[in-house]
Amino acid sequence: MSSAPEPPAPAVPMRRLLLVLVPAMLLNITAADMVSLVLPRISEQFTASTAQVAWVVTGFLLMFAVGVPFYGRVADRYGLRRLFTVVLAIFAVGSLISALSPSLPILVFGRIVMGLGGAAVPVLAIVAVMRLLPGDKAAVGVGFVSAAAGVGTAAGPAMGGIVGEFLGWPALFWIMAAGALILIPAVRRAIAEEPPGDPGPFDLAGGVLLGLAAGLLLFGVTESEGGGFSRPSSWGSILGGVVLAGLFAWRNRVAAHPFVPPSLFGNRAYVAAVLTVFTAMAVNLATLVLVPVLIIDVNGLTPGQGSLVMIPGGIALALLAPLAGRIGAQGRHATRVLLAGLTVMGLATLFLSTIAAGASHVLVALAILGLDAGFAFVITLTTGAVSSVLPPQHVGAGVGIFQGAQFLGAGAGPALFGALLTARESGGGDAVNPFYAGDAPAYSDVFLALTLIVLLAMIPAFNLRTAWTTRTTTPTPRPAAHAR
């Protein structure tokens with residue numbers, strides 16, 4: 001049974017569309033990590049252990065792991081205007097619950113509700129750009145949306161440290177609630193109501209298996225951060241996630257209307273983009289989470305001071321991601337620029353491992369500047385490559401899996417390398433890096449391991465050259481739209 005043709009998308013001026021998508025993405029991604037530097041204060045207020053208070057972060061990320069693939073599939077069936085309205089309202093409700101929470105369980109519940117709404121925003125933002133803008137403008141739009149995501153990643157800890165120190169942690173959630181409520185009418189003005197999308201059925205059981213598998217894998221990795229993989233809650237969850245992932249693969253192969261179109265997994269460029277973004281995001285988030293801990297624990301800075309170290313990287317990402325979008329739109333040299341971006345990321349983590357870890361916080365800020373500068377090209381060009389290889393009827397599902405891999409990397413990276421840091425600190429000894437002479441050998445080893453992961457990311461990234469070859473030879477047809 002062939003898929004129903006995609007209905008024509010209403011014409012949307014690019015500037016008007018980005019004026020709502022960029023703030024929505026920035027707000028949503030900032031919310032993910034804004035509590036990382038105020039967790040000790042939350043723990044103290046609620047008399048909770050580190051493992052218990054970690055659920056303030058884990059609950060949010062689990063909803064992303066479970067929800068992103070679902071929202072990607074739903075985006076193929078319902079209008080973007082309606083979906084944006086609903087998910088922003090859910091995000092606002094979760095923020096209000098978190099701001100008013102009298103206990104840790106209520107706070108965690110509020111964060112779960114926030115994640116339930118927030119998980120849709122990255123998917124819907126990319127789908128909106130791909131669906132509502134023509135090909136040349138869509139690549140530039142992807143750059144701006146990617147810049148907002150990157151800035152949110154860097155700004156989360158910075159905002160959390162500054163606002164949490166001066167106004168208290170509940171103020172963070174009041175800001176999130178206000179931002180979401182302001183965006184709802186703005187989105188409804190910027191995006192016209194669309195005709196119904198693909199009305200065909202999809203395999204709900206397969207979607208449940210995929211969501212549960214992703215959630216269990218992320219939970220198992222996160223649990224390892226506190227006590228290692230020997231904990232039953234860690235290895236048991238990971239084993240359960242692997243089993244459910246296998247069941248999903250079987251179900252997706254035999255179902256009459258599979259949750260994820262099998263053709264996506266047969267597309268080498270698409271699979272390469274998914275693998276590249278997973279590894280690059282794991283490295284980026286692990287570094288951005290561990291660096292504030294480093295400069296607070298080793299350099300002795302306060303959370304507010306430590307958050308300032310992250311700002312130059314966020315600025316670099318905001319400035320360079322739109323440029324990366326233009327490079328992706330042209331197609332020429334895009335693979336070389338992508339590999340160059342990964343190289344810069346690897347040099348940044350190697351600089352941290354060799355020189356900056358335990359040294360001046362100025363050197364640490366320079367490393368973060370390089371990391372985010374390289375990541376700006378990686379995240380934008382991989383997202384642009386996905387937009388060029390997905391057929392119109394599979395945009396939502398494809399973007400959902402791509403974004404799901406991205407946020408799995410964002411959740412797994414800090415947990416895995418946080419566990420490595422804990423194990424390395426308990427073991428003692430000199431740094432593995434023979435050129436390191438500082439007094440933070442455990443951090444040096446973790447950043448060296450992250451450098452090796454960047455090298456692994458270059459393998460699938462090299463295979464993405466076919467995406468831009470496809471774009472320059474047989475471009476994917478897109479609905480006409482006016483842009484200014």
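The second largest pocket is lined by 24 residues, and Leu-210, Leu-217, Ile-401, Ala-405 and Leu-408 lie nearest its centre. On a 1 Å grid over the protein atoms alone, a pocket is an open set of points with protein on both sides within 12 Å along at least five of seven lines, where a 1.4 Å probe fits; lining residues have an atom within 4 Å of a point. The model is predicted: local features need pLDDT of at least 70, side-chain atom pairs count only at pLDDT 80 or more, and totals for chains, interfaces and linings use all residues. Residues are numbered from 1 along each chain as its sequence is written, and side-chain values use heavy atoms, without hydrogens or water.

The volume of this pocket is about 600 Å³, taken as the space filled by probe spheres set on the points, which are joined across faces, edges and corners. Two or more lining residues come from each of H4 (55–74), H10 (204–227), H11 (232–254), H13 (268–297) and H18 (395–427). Helices are DSSP runs (H or I, at least four residues), numbered from the N terminus. The lining has 23 nonpolar residues, one polar and no charged. Ala, Val, Leu, Ile, Met, Phe, Trp, Tyr, Cys and Pro count as nonpolar, Asp, Glu, Lys and Arg as charged, and the others, Gly among them, as polar.

H13 and H18 also pack against each other, at about 35 degrees with axes 7 Å apart. Axes are lines fitted to C-alpha atoms over the stretch in contact, and angles run from 0 to 180 degrees between N-to-C directions. The crossing is right-handed; that is, the near helix is turned clockwise from the far one by less than a right angle, anticlockwise being left-handed. Their contact holds 20 nonpolar, five polar and no charged residues.

Helix H5 (residues 80–100) packs on two partners. Its axis comes within 8 Å of that of H9 (residues 170–190), crossing at roughly 160 degrees. H5 is therefore roughly antiparallel to H9 (angles over 145 degrees). The crossing of H5 with H9 is left-handed. The contact includes Phe-84 and Leu-88 of H5 and Trp-174 of H9, and comprises 18 nonpolar, three polar and two charged residues.

H5 and H7 (residues 120–132) pack at about 160 degrees, with axes 11 Å apart. H5 is thus roughly antiparallel to H7, and passes it in a left-handed crossing. Phe-84 and Leu-88 are among the H5 residues that meet H7, with contact defined as heavy atoms within 4.5 Å. Twelve nonpolar, no polar and one charged residues form this contact.

Key: Angles under 35 degrees count as roughly parallel, over 145 as roughly antiparallel, 65 to 115 as roughly perpendicular and the rest as oblique.
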